[in-house]
Amino acid sequence: MTSTKQLRKWDKKYIWHPFTQMKEWQASEPVIVARGEGNYLIDTEGKKYLDGVSSLWCNVHGHQVPEVDAAVRRQLSRIAHSTFLGLSHEPAIELSKKIIEIAPKGLTRVFYSDSGSASVEVALKMAYQYWRQKGAPKKKIFLRLKNAYHGDTLGSVSVGGIELFHEIFSPLLFKAYQAQAPYAYRDAFSGSEIKYAKFCADKVEHILMRHHDKICAIIAEPLIQGAAGMLTQPKGYLTHLRRLATKYKALLIVDEVATGFGRTGKMFACEHERVAPDLLCIAKGITAGYLPLSATLATEEIYSAFLGEFREMKAFFHGHTYSANPLACAAAIANLKIFKKRKVLQTLQKKIKILNDELKKIKQLKAVGDVRQVGLMVGIELVAEQKTKKPYPPGDRIGMRVALLARRYGVMIRPLGDVVVLMPPLSITEKELRFLCWAVGNCILRTTR
Ligand SMILES: *Cc1c(COP(=O)(O)O)cnc(C)c1O
């Protein structure tokens with residue numbers, strides 16, 4: 001075994017890490033993960049950390065899950081990869097059937113890719129090409145929400161609403177209309193939740209009223225905007241988006257890359273409001289957090305607009321080398337079987353309640369401005385002053401400092417700016433959940449007093 005010291009040296013010599021200021025990284029002592037066991041990560045020094053953000057929101061049933069391991073091994077003894085362009089294979093066929101059986105109503109077709117960003121690119125291109133082939137080529141502009149995050153490729157950034165990313169790459173991005181999105185904590189809207197949902201939906205409708213002839217689709221994260229800082233939406237907002245999309249003849253693209261596979265307490269967040277989107281993007285949790293795989297689900301109406309004679313050139317022109325990788329599909333099938341076998345969604349309800357109770361204690365802390373929760377997705381927004389909601393100076397790196405301190409408690413988390421994020425695997429035990437909240441509460445207290 002190579003020593004941790006040597007590994008760190010080579011890491012710093014050869015690697016460029018994602019979303020990382022490498023100058024800072026060079027000066028740090030990075031944790032090098034050696035293995036995973038249940039809900040824990042274990043580093044090369046043998047130190048154990050509770051995986052508090054599910055290895056960036058994708059792990060579902062913990063690490064080294066016997067059934068998933070066995071499914072991947074079984075597939076490995078057959079074939080690791082063969083193309084999906086012009087050929088098919090059993091794992092993808094079985095998985096597609098299973099996904100459509102649990103997907104929101106009306107979605108009948110599965111198109112595979114290999115990351116959440118790619119699944120969004122696919123949805124955008126499908127929506128665009130759909131209207132061309134329906135004889136409405138003017139409908140080619142997307143309606144995005146402020147603070148939205150749909151991935152890092154240029155198409156997905158174009159429909160994202162996080163200012164920093166937009167600003168840097170703006171000359172490279174395509175035009176989209178942007179509507180204000182819910183952010184109750186900073187919106188200072190005083191009415192009921194239902195009224196707030198309508199108030200926010202009206203902002204979307206204003207744009208649709210003026211530009212609907214040019215708008216091909218509305219794209220949104222359902223119930224909660226993850227990467228922007230776990231910004232929760234008022235009840236009914238998603239239903240409004242569905243209603244407006246239908247009213248103004250735009251497609252509704254729902255991005256469940258983060259929310260899918262139980263994270264919100266139901267298999268898909270759409271189910272909370274019984275909303276049926278026209279296109280649905282899924283990724284992160286699809287393989288239980290084992291392998292890169294994503295999918296864009298489409299309705300039969302969209303799918304059939306791409307049918308025609310070869311010479312009509314109506315096929316959907318998109319595909320990746322590793323689309324529907326068989327190992328990933330095998331892991332995904334095992335993932336769905338575990339949901340059934342272990343009654344994951346049922347046992348989750350009590351955990352969500354416990355988490356809610358524990359968060360009430362964290363809410364009391366002086367530096368905590370807002371606590372937002374949907375299922376097992378949590379954002380704790382830290383503020384310099386509760387009364388005025390004044391943020392910390394960004395240079396304070398307050399969220400990052402809380403996360404670094406948490407490592408000393410044996411908890412691995414990753415913040416979003418000043419928002420401390422908790423998003424444990426669905427397999428987290430009640431005891432671990434209490435410990436996670438206790439540790440994080442302590443770290444917030446110690447960092448901010
Ligand atoms: C993470 C995320 C993406 C991007 O997925 P990648 O696999 O990182 O490309 C897209 N949309 C949402 C809502 C996400 O949380």
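Predicted model: local features only at pLDDT ≥ 70, side-chain atom pairs only at ≥ 80, totals over all residues.
Visitor: Which domains does the assignment give for the protein chain?

Guide: The domain assignment gives domain 1, made of residues 31-61 + 343-448, and domain 2, which covers residues 69-341. Taken over C-alpha atoms, the centres of domain 1 and domain 2 are separated by 26 Å.

Visitor: And how many residues of each are in contact?

Guide: On the domain 1 side there are 34 residues in contact with 29 residues of domain 2. The area buried between domain 1 and domain 2 comes to about 2600 Å², and carbon and sulfur atoms give 62% of that area.

Visitor: What about polar contacts and salt bridges between the two?

Guide: The rule finds 18 residue pairs in polar contact across the interface of domain 1 and domain 2, with both residues at pLDDT 80 or more. As for salt bridges, the count between domain 1 and domain 2 is one.

Visitor: Which elements supply the side of domain 1 that touches domain 2?

Guide: At least two residues each come from helix 3 (54-57), helix 14 (344-363), strand 13 (368-374), strand 14 (377-382) and strand 16 (419-422). By type, the residues on that side of domain 1 divide into 21 nonpolar, eight polar and five charged.

Visitor: Let's talk about Arg 186 and Glu 381. How do their side chains meet?

Guide: They meet in a salt bridge, at 2.8 Å from N to O. Arg 186 lies in helix 9 (residues 184-187) and Glu 381 in strand 14, so this pair ties together parts that are 195 residues apart in sequence.

Visitor: Changing topic, how many salt bridges does the structure hold?

Guide: The structure holds 23 salt bridges, and one of them is formed by the side chains of Glu 300 and Arg 109, at 3.0 Å from N to O. Glu 300 lies in helix 12 (residues 300-304) and Arg 109 in strand 4 (residues 107-113), so the pair ties together parts that are 191 residues apart in sequence. Glu 300 is partly exposed, with a relative accessible area of 33%, and Arg 109 counts as partly exposed at 33%.

Visitor: What about Glu 205 and Lys 247?

Guide: Their side chains meet in a salt bridge at 2.8 Å, N to O. The pair links distant parts of the chain, with Glu 205 in helix 10 (residues 193-211) and Lys 247 in helix 11 (residues 237-247), 42 residues apart. Glu 205 is buried, with a relative accessible area of 11%.

Terms used: Residues numbered from 1 in each chain as written. Heavy atoms only, no water. Domains from an automatic or database assignment. Contact = heavy atoms within 4.5 Å. Buried area = accessible area lost by both parts, 1.4 Å probe. Salt bridge = Lys/Arg side-chain N within 4 Å of Asp/Glu carboxyl O. Polar contact = N/O pair within 3.5 Å; in protein donor to acceptor, adjacent residues only side chain to side chain. Helix = DSSP H or I, 4+ residues; strand = E, 2+ residues; numbered from the N terminus. Nonpolar A, V, L, I, M, F, W, Y, C, P; charged D, E, K, R; others polar. Buried < 20%, exposed > 50% of the residue type's maximum accessible area, 1.4 Å probe, protein only.
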